[in-house]
Amino acid sequence: MNIKKFFSFFSLFALVIFSTYSANDISLLDNSKKTGVNIYWDSLSESGMLEKNDHHLSFKSGDGLVILDGVKMMITDAPELKDNTIFVSKKFIDDSETFFSQKSELPFKVGAILIDAGHGGKDPGALKTYKINGKNVTIREKDITLRVAKMLGEKLRSAYPNKQIILTRDNDVFLSLGERTDIANGVKVGENEAVLFISVHVNSSLNKNSSGYEVWYLSPGYRRTVLDKSSMEDDTSLFPILNSMMEEEYTTESIMIAKFIMDGLQGQIGKESSARGIKAEEWFVVKNSNMPSVLIELGFVSNEKEALLLNDDKYLKKATLGIYNGIAAFITHFERSQGFTSLR
């Protein structure tokens with residue numbers, strides 16, 4: 001996103017944000033069914049998005065400031081969450097319909113996908129030695145993640161020749177967590193283009209019975225700096241408000257990527273391993289990336305049965321296909337609706 005353009009549509013008067021709750025008596029979900037508006041919602045951040053005619057309007061419960069197509073802002077009556085139902089005023093509906101009737105501008109799309117193979121070089125990550133065909137074989141996290149990252153990169157390059165597909169490492173080299181996020185934040189994309197950060201890891205536990213795959217995203221309880229203050233020129237007083245809104249949008253999109261990847265993995269390896277679910281944490285490699293980001297744990301090397309699967313190229317190909325299918329589903333969803341969980 002072009003940050004200067006993002007901030008050029010408003011000035012300091014936007015600090016005076018007010019909300020009108022007196023007329024919030026229309027169920028947003030019921031209204032959407034009548035008007036053909038798609039609704040996407042993240043219950044954790046209590047934020048959502050409306051999508052119609054290739055436009056999207058991002059909103060937050062209790063906030064009258066909404067984002068239009070990710071680049072403009074508008075003040076309207078604040079939506080209100082009551083008894084797990086979103087209620088809005090007639091003004092909110094009218095303002096939304098006026099916006100949706102406008103001609104579409106530049107479409108949003110994913111411009112780059114960064115694949116991060118965890119560990120490497122002097123850092124083997126999780127490892128365990130097992131006897132395979134009479135020989136002691138050490139199964140290392142760094143080897144598994146690199147194999148998956150390279151296969152995933154090949155599939156994405158083949159499917160999306162016009163997108164940047166970047167690996168943080170393509171050989172057995174050590175990279176610090178800071179170096180990985182520097183690579184991520186240094187990716188250059190065009191206006192209205194997003195970067196996705198996919199970090200691949202393998203798990204381990206003192207409990208040898210622990211098994212399964214899981215996908216992590218950044219906890220919405222952690223707040224980071226995702227905007228460049230220098231791009232705001234004289235409007236630095238708006239920085240905390242807008243940074244919070246952009247961070248919440250990254251979190252919501254990360255949840256969506258996690259969900260799609262989890263579904264993809266379940267479709268490919270769900271009969272051989274178990275889904276441990278989508279989880280939130282403040283991983284360094286994720287929290288410092290200024291973009292939608294997830295961290296995938298493919299399985300446990302501490303579990304002998306699962307470790308042998310993770311050492312099998314056929315199994316890793318299926319796991320890779322699951323991750324690819326999840327990313328592809330998210331790209332289709334994002335380029336149509338900019339993310340968020342559907343309420344339909």
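Is Lys91 buried, exposed or partly exposed? Lys91 is partly exposed, at a relative accessible area of 39%; the class lies between buried (under 20%) and exposed (over 50%), with a 1.4 Å probe and protein chains only. This is a predicted model, in which local features need pLDDT of at least 70, side-chain atom pairs count only at pLDDT 80 or more, and totals for chains, interfaces and linings use all residues. Residues are numbered from 1 along each chain as its sequence is written, and side-chain values use heavy atoms, without hydrogens and water.

**Confidence**

- The protein chain has a mean pLDDT of 82, and 78% of its residues reach 70 or more; pLDDT is the predictor's confidence in each residue, from 0 to 100.
- Residues 222–247 have pLDDT below 50, yet this stretch has 61 contacts beyond near neighbours in sequence. A contact means heavy atoms within 4.5 Å.
- Residues 338–344 also fall below 50, with 38 contacts beyond near neighbours in sequence.

**Salt bridges**

- The count is twelve salt bridges, each a side-chain nitrogen of Lys or Arg within 4 Å of a carboxyl oxygen of Asp or Glu.
- Lys90 and Asp94 pair at 2.8 Å, N to O. They sit four residues apart in helix α3 (residues 90–100), about one helical turn. Helices (H or I, at least four residues) and strands (E, at least two) are DSSP runs, numbered from the N terminus.
- Lys90 is exposed at 54% relative accessibility, while Asp94 is partly exposed at 35%.
- Lys91 bridges to Asp95, with the closest N and O atoms 3.1 Å apart. This pair too is four residues apart in α3, about one helical turn. Asp95 is buried, at 18% relative accessibility.
- Glu214 and Lys279 form a salt bridge at 3.2 Å, N to O. The pair links distant parts of the chain, 65 residues apart: Glu214 lies in strand β14 (residues 213–218), Lys279 in strand β15 (residues 275–281).
- Glu214 is buried, with a relative accessible area of 3%; Lys279 is partly exposed, at 24%.

**Helix α3**

- Phe92, Ile93, Asp95, Ser96, Phe99 and Phe100 are buried in α3.
- Viewed down the helix axis, the buried residues of α3 fall within an arc of 165 degrees, so they line one face. The arc is that of the directions from the helix axis to the C-beta atoms.

**Nonpolar cores**

- A nonpolar core is a set of buried Ala, Val, Leu, Ile, Met, Phe, Trp, Tyr and Cys residues joined through side-chain atoms within 4.5 Å.
- The largest core has 50 residues; Ile113, Leu156, Ile261, Leu265, Leu298, Ile323 and Ile327 touch the most other members.
- Helix α9 (residues 313–337) gives the most to this core, with ten residues.
- Beyond neighbours within four places in sequence, Ile327 contacts Ile113, Leu152, Leu156, Ile198 and Ile261.
- A second, separate core of 16 residues includes Leu28, Met74, Phe99 and Phe100.

**Aromatic pairs**

- The whole structure holds five aromatic pairs. Rings of Phe, Tyr and Trp (its six-membered ring) pair if their centres lie within 6.5 Å; planes under 30 degrees apart count as stacked, over 60 as edge-to-face and the rest as tilted.
- Trp41 and Phe59 are stacked, with ring centres 6.0 Å apart and planes at 25 degrees. Trp41 is in strand β2 (residues 38–42) and Phe59 in strand β4 (residues 55–60), 18 residues apart.
- Both Trp41 and Phe59 are buried.
- Phe99 and Phe100 are tilted, with centres 5.5 Å apart and planes at 45 degrees.
- Trp41, Phe59 and Phe92 make one aromatic cluster.
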